[in-house]
Amino acid sequence: MNKFVTISGVVVVGSSLLLAGCGPSDVNSLAAKQTQTQVKPGGQIKLDGAVNIRDLGGYKTTDGKTIKSHKLIRAAELANLSKSDIKKLTSTYGLAEIIDFRTDSEVKAKPDPVIKNVDYLHDSIMKDNGSSTSAQDMIASLAKMDNPEQFLISANKSFVTDQQSIDGYKLFFQELLANKNGSVLWHCTAGKDRTGFGTALVLAALGVDQKTIMNDYLLSNKYRETENQKTLDALAKQTDNPKVLAGMKAVLDVRPSYLNAAFDEINAKYGSTDAFLKKGLGLTNKDIKALKKTYLQ
């Protein structure tokens, strides 16, 4: 796969990076069907207690198929979901399983709500270094970094080279294959890095074009804009160091160079995304066909 074309949180501590911020009736059935036909690809599911929650339904593949609505949901942390949020996800979107990409420390700090009749799987994509996430530590780390953007580029490359990441995404795809009814939701903390790369792989496996994959990835900047600005404003009250502020902006953003770095690494090690899906994540041609049968129409 060539580099993507652009059309349009993370917490840094010490020398490490946590990609956190890298968070039945006929009438109801008819309403759900009507919602599916009206879905806007890349549109955010409006919730009270979470942002950057998106149904992938509506995206087109290169062979003219469409991703089914209410089947694949990319998300951010869910700890603050309201009762109405949970009802919306279960009743309207048919939520069947949550896959949590966060580390043990992240899960312990902000556990997902237990939702009746919804399976939960903790599938950590990154090693847990248990580092402090205090504001003072973040400021100190950012002040020492020569190029925070390069740090994010390296982190995205690690999704392709780190065995825990590979095993995590492999398990993720096995869960997608096992799902037959309802929707699968996957998330990290900000819903942009671990979730962003995982989503890019899903879209690629289903046959979505490169431009659309990149545009979906970059939508995290739109849907996290308010939350990111709050973080930057709070940081500005503690430091006026322009290097620190610019560094935080770099780690809160998603940028084309970040996702391109992951796919450059795929090309270098495997030759193509298809080869990575098969050799790296263990998917067979039969698996790819099964994914398309389940999630495309």
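This is a short walk through a predicted model, stop by stop, with something to select at each one.

Residue numbers start at 1 along each chain as its sequence is written. Because the model is predicted, local features need pLDDT of at least 70 and side-chain atom pairs count only at pLDDT 80 or more, while totals for chains, interfaces and linings use all residues; side-chain values use heavy atoms, with hydrogens and water left out.

**Stop 1: helix 7 and helix 8**

Select residues 194–206 for helix 7 and 210–223 for helix 8. Helices here are DSSP runs (H or I, at least four residues) and strands are runs of E (at least two), numbered from the N terminus. The two helices pack at about 155 degrees with axes 10 Å apart, which makes helix 7 roughly antiparallel to helix 8. Axes are lines fitted to C-alpha atoms, for helices over the stretch in contact, and angles between N-to-C directions run from 0 to 180 degrees. Under 35 degrees counts as roughly parallel, over 145 as roughly antiparallel, 65 to 115 as roughly perpendicular, and the rest as oblique.

Now show side chains. On helix 7, the contact (heavy atoms within 4.5 Å) uses Gly-196, Thr-199, Ala-200, Leu-203 and Ala-204, and on helix 8 it uses Ile-213, Asp-216 and Tyr-217. By class, that contact has 5 nonpolar, 2 polar and 1 charged residues. Ala, Val, Leu, Ile, Met, Phe, Trp, Tyr, Cys and Pro count as nonpolar, Asp, Glu, Lys and Arg as charged, and the others, Gly among them, as polar.

Stay on helix 7 a moment. Buried means under 20% relative accessible area, exposed over 50%, and partly exposed in between (1.4 Å probe, protein chains only). Step off the end of helix 7 and you land on Gly-207, with a positive phi near 100 degrees.

**Stop 2: helix 5 and helix 10**

Select 148–161 (helix 5) and 242–252 (helix 10); their axes come within 8 Å and cross at roughly 25 degrees. These helices are therefore roughly parallel to each other. Pick out Pro-148, Glu-149 and Leu-152 in helix 5, which meet Gly-247, Ala-250 and Val-251 in helix 10.

**Stop 3: Ser-257**

Next, click Ser-257 in helix 11 (residues 256–270). Which residues does Ser-257 contact, leaving aside neighbours within four places in sequence? They are Glu-149 and Ile-153. The C-alpha atoms of Ser-257 and Ile-153 are separated by 6.8 Å, though the two residues are 104 apart along the chain. Ser-257 is partly exposed, at 25% relative accessible area.

**Stop 4: helix 12**

Select residues 273–280, where Thr-273, Ala-275, Phe-276, Leu-277 and Gly-280 are buried. The buried residues of helix 12 pack against helix 5, helix 6 (163–178), helix 7 and helix 11. Just after helix 12, Gly-282 takes a positive phi of about 80 degrees.

**Stop 5**

Most residues other than glycine have a negative phi. Asn-52 has a positive one, near 60 degrees, and Asn-117 has a positive one near 65 degrees. Find Asn-52 in the loop between helix 1 (26–37) and strand 3 (54–55), and Asn-117 in the loop between helix 3 (104–109) and strand 6 (119–122).
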